[in-house]
Amino acid sequence: VLAELIEKFVSHLSENRTDCYFSMGSYKAMDADVKKENLSSLQQLGVEMTVRYGKYLNLLKEDAENGLCFVLLNCEEFLKQQQRTVVSSLCCLQEHYAGYDWFASSIFLIMAGDREKTLMFLQQFSCLLVSAFLWLPRLHLSMHLPVTTVEYGIHPVYFCSAHHVEMLLKAELPLVCSAFHMSGFTPSQICLQWITQCFWNYMDWSEICHYIAMCIFLGPDYQIYMCISVFRHLQQDILKHTEA
């Protein structure tokens, strides 16, 4: 039900020019017979973890690995069309996105391993503003960002979402904010980790789905509210750890 709902919602928005923040471009999927070997060792590890998790949730079938490789490689090629060339020694500014694409993997699981539906959804989703915040590889070396922003290698999720979380935390949860301050660790570091991984390894699958759906339907600012609500939920644990 969720797959159909977000599919129809995103399809409807992407057809309306006023809702399209980015251009979709034209892209034809490469050959379906892509091999796992074409991916980096980090991506291969991510694929194994995703498929194992998908089978544990009874969402994926045996041949799911090839389907996910197909999605990841096509996403990479598709997003390259909107990237700029930057000469830098920073790992995060090389041609390939340095991390694993947890958002595309999440959508692959929501679509029950249907690679064509997943790729079509991601292509349409990429023209919406919320894609910049939910799908981190979307803005990797992006031509939609100022050159100076790209050269710093800091993703907008860090200086937009994570920054606003810190501002809200001061007002909403001053004790949690103080606890972080005393630890010498910033809430924005934690938030960036959660958001980059789409809350994998932190929340149950149903909650991950709620997070993705909420941001798509209600807007990217719900990413910030989600982080604040998690900190509120963890407040007693955080304060207990601070005392200890």
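To how many salt bridges does the count come by the rule? The count comes to six, where a salt bridge is a side-chain nitrogen of Lys or Arg within 4 Å of a carboxyl oxygen of Asp or Glu.

## Model and conventions

This is a predicted model, in which local features need pLDDT of at least 70 and side-chain atom pairs count only at pLDDT 80 or more, while totals for chains, interfaces and linings use all residues. Residues are numbered from 1 along each chain as its sequence is written, and side-chain values use heavy atoms, with hydrogens and water left out.

## Overall fold

The chain holds 13 helices and zero strands; these are DSSP runs numbered from the N terminus (helices H or I, at least four residues; strands E, at least two). The C-alpha trace spans about 55 × 45 × 40 Å along its principal axes.

The radius of gyration of the chain is 18 Å, which agrees with the value near 18 Å for a compact globule of 244 residues. The radius is taken over C-alpha atoms, and the globule rule is 2.2 Å times the number of residues to the power 0.38.

In contact (heavy atoms within 4.5 Å) are 19 residues of domain 1 and twelve residues of domain 2.

About 1300 Å² is buried between the domains, and carbon and sulfur atoms give 86% of that area. Buried area is the accessible area (1.4 Å probe) that two parts lose on being put together, summed over both. Phe 9, Tyr 53 and Trp 102 supply 38% of what domain 1 buries against domain 2, more than any other three residues.

## The domain 1 side

Zero salt bridges are found across this interface. On the side of domain 1 that touches domain 2, the elements giving two or more residues are helices H1 (2-15), H2 (41-56), H4 (102-110) and H5 (115-125). H4 gives the most, with seven residues. This side divides into 16 nonpolar, three polar and no charged residues, with Ala, Val, Leu, Ile, Met, Phe, Trp, Tyr, Cys and Pro counted as nonpolar, Asp, Glu, Lys and Arg as charged, and the others, Gly among them, as polar.

The side chains of Lys 117 and Glu 7 form a salt bridge at 3.9 Å, N to O. Lys 117 lies in helix H5 and Glu 7 in helix H1, so the pair links parts of the chain 110 residues apart.
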